[in-house]
Amino acid sequence: MKDDNRTSICKIIPLIKEFIEGKRVNLDITVRKDPIIFHYYTEIIRYWSKLNFILQKTQRSLGFYHFPQNEIPIYIYIIYRKFQEYASKKSILEELYLSSNQIKKIKRFINKLETFTWKIALKSKSYKEILSITEAIPTFVIDRLLPVMSFEFIEQNIQSMNDYQKYNNFIRISDWKLKSSDHSFLISLENELWSHNIPSKRDRDLPELVFIPNEKKSLILKSKSYSSRKITFQDKASAAVIKVLSPQSFDYICDMCAAPGIKTNLIAHYTSNQARVISGEFLLKRAFEMSKLIKRTNTVNTHLINCDSIQFPLRINTKFDRILLDAPCTGSGTFISNPELKWRQNNNFLYQNVIIQEKLIGSALRLLKPNGIFVYSTCSLYPEEGELQILKYISMLEPLQLPDWFSPSYKINGQIVSGTGRLFPSMHHTHGFFIGKFKKKEK
Ligand SMILES: C[S@@+](CC[C@H](N)C(=O)[O-])C[C@H]1O[C@@H](n2cnc3c(N)ncnc32)[C@H](O)[C@@H]1O
């Protein structure tokens, strides 16, 4: 193994230690730029409970109940390599800088790991417990989804959110001089990609997006179109939300929870900078990052306010034509790219978000013109952050049509909620999203 790779692996151990200590691990730019550290850290966190389950079983059968706390990250790393990547004992030992004392102990540990069998470990566990252990998902998540999904569909979505290789990458035009759906540019882009052996394909649902296989992502980062800012990466669900909002030139639009600015940027691009956009963001740090994006992308006609959108600080009387509320949420549809969020899922976290969302919807409806368009979205799979929120305000809302490639909403009391729909990781190969579109009733 190359020394550089070994050094990167050694840098993972302190990050795992920080995670165990409950610190919010900051994957700064140096970590993000090192694909080895980034890969192992995110994948170890993704499978955290599964790796700990194997650790505990092995520890018990070895007869030593207490590993020193500072050694746990090493054991977790070894289990990850063995069970998720099927690495051999030889390569694992080569990857770690170990003292001669440690080598003996670790060899014994790996020998024991080799005798671990799932059949015995999962004996007498229920289906729910087996799914929770093998896919590393808190039972809290399964319990929240069971009233609205079949067990098989939960399983498929949880598995899809673990399989980052299958996550669909898309690129879109980001050059202001071009329309977002400029046909001739997209054709020449596809040809350019093919000539570099990057098999690309226009998305069937949103043809302005070009699909790129995961393993070719790094080639795009090196391409001329990317470095000259003609194209950018784009997640499909965010683009779908803006398609649903359908912003028009000269519309007065509010993006209430806007950072990091992906959707504000799309509004500006889809209207060729012609819509007048006011974006609100509560967290100063995120607002600051977003302001850099606005500058970098030469977005005009967009004003960013660092504010609490529950009390939107608008002094003028004019109300908005369209409002997008892409609300803060548990992120339970985004475990594929935010695996650490799995371990924050609990009742408190869910209901903190539910309370804020409810207040934000109330605020949105105060700021919107009668007959104005309201789009509410969350990257959550829980009905509490989607259908159930909309039902609280349904008397003020007239449901509007969503694209036919969306799944219908969950059934609440046996009925779907009109004007709302869902994107699922296992069906749409996007983050899990709830999206609703409505007209505000006049009275
Ligand atoms: C789901 S993210 C928005 C993502 C964004 N729409 C995009 O596409 O880039 C939700 C954002 O809402 C912000 N937020 C949370 N509570 C808020 C509030 N009361 N007022 C305004 N922004 C809030 C969060 O800090 C977070 O940046």
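Is I106 buried, partly exposed or exposed, and how many other C-beta atoms lie within 10 Å? I106 is partly exposed, because 19 other C-beta atoms lie within 10 Å, where a residue counts as buried with 20 or more such atoms around its own, as exposed with 12 or fewer, and as partly exposed in between, C-beta atoms being placed from the backbone.

## Basis of the description

This is a predicted model, in which local features need pLDDT of at least 70 and side-chain atom pairs count only at pLDDT 80 or more, while totals for chains, interfaces and linings use all residues. Residues are numbered from 1 along each chain as its sequence is written.

## Domains and two reference residues

The protein chain is divided into domain 1 (3-119), domain 2 (129-165), domain 3 (166-233) and domain 4 (236-440), with bounds that come from an automatic or database domain assignment. The C-alpha centres of domain 2 and domain 3 are 32 Å apart.

I106 belongs to helix α7 (residues 100-113); helices (H or I, at least four residues) and strands (E, at least two) are DSSP runs, numbered from the N terminus. From C-alpha to C-alpha, I106 and V375 are 55 Å apart in space, and they are 269 residues apart in sequence.

P399 is placed in strand β10 (residues 397-399) and is partly exposed, with 15 other C-beta atoms within 10 Å. Leaving aside neighbours within four places in sequence, P399 is in contact with S418, G419 and F438, contact meaning that the C-beta atoms of two residues, placed from the backbone, lie within 7 Å. P399 and P260 are 139 residues apart in sequence and 28 Å apart in space, C-alpha to C-alpha.

## Nonpolar cores

The largest nonpolar core has 62 residues, and those with the most contacts inside it are I267, I323, L325, A364, F374 and V375; such a core is a set of buried Ala, Val, Leu, Ile, Met, Phe, Trp, Tyr and Cys residues joined through C-beta atoms within 7 Å. Helix α15 (residues 236-245) gives the largest share of this core, seven residues. Because domain 3 (166-233) and domain 4 (236-440) both give residues to this core, it lies between them.

I323, leaving aside its neighbours within four places in sequence, is in contact with C254, M256, A364, L367, L368, G372 and F374. A second, separate core has 36 residues, including Y40, Y77, L113 and I154.

## Ligand shell and its elements

Of the 19 residues around the ligand, C257, I262, F282, S309 and D326 come nearest, a residue being near if its C-beta atom, placed from the backbone, lies within 6 Å of the molecule. The elements that give two or more residues to this shell are α16 (262-270) and β6 (276-281). By class, the shell has ten nonpolar, four polar and five charged residues, with Ala, Val, Leu, Ile, Met, Phe, Trp, Tyr, Cys and Pro counted as nonpolar, Asp, Glu, Lys and Arg as charged, and the others, Gly among them, as polar.

α16 is mostly covered, eight of its nine residues being buried, and what covers these buried residues includes α15, β5 (252-255), β6, α17 (284-296), β7 (302-306) and β8 (320-326). After α16 comes S272, whose phi is positive, near 50°. Because five of the six residues of β6 are buried, β6 is largely enclosed by the rest of the structure. β5 and β6 pair in the parallel sense over four bridges, pairing being assigned if DSSP finds at least two bridges between two strands, and S279 in β6 is the bridge partner of D255.
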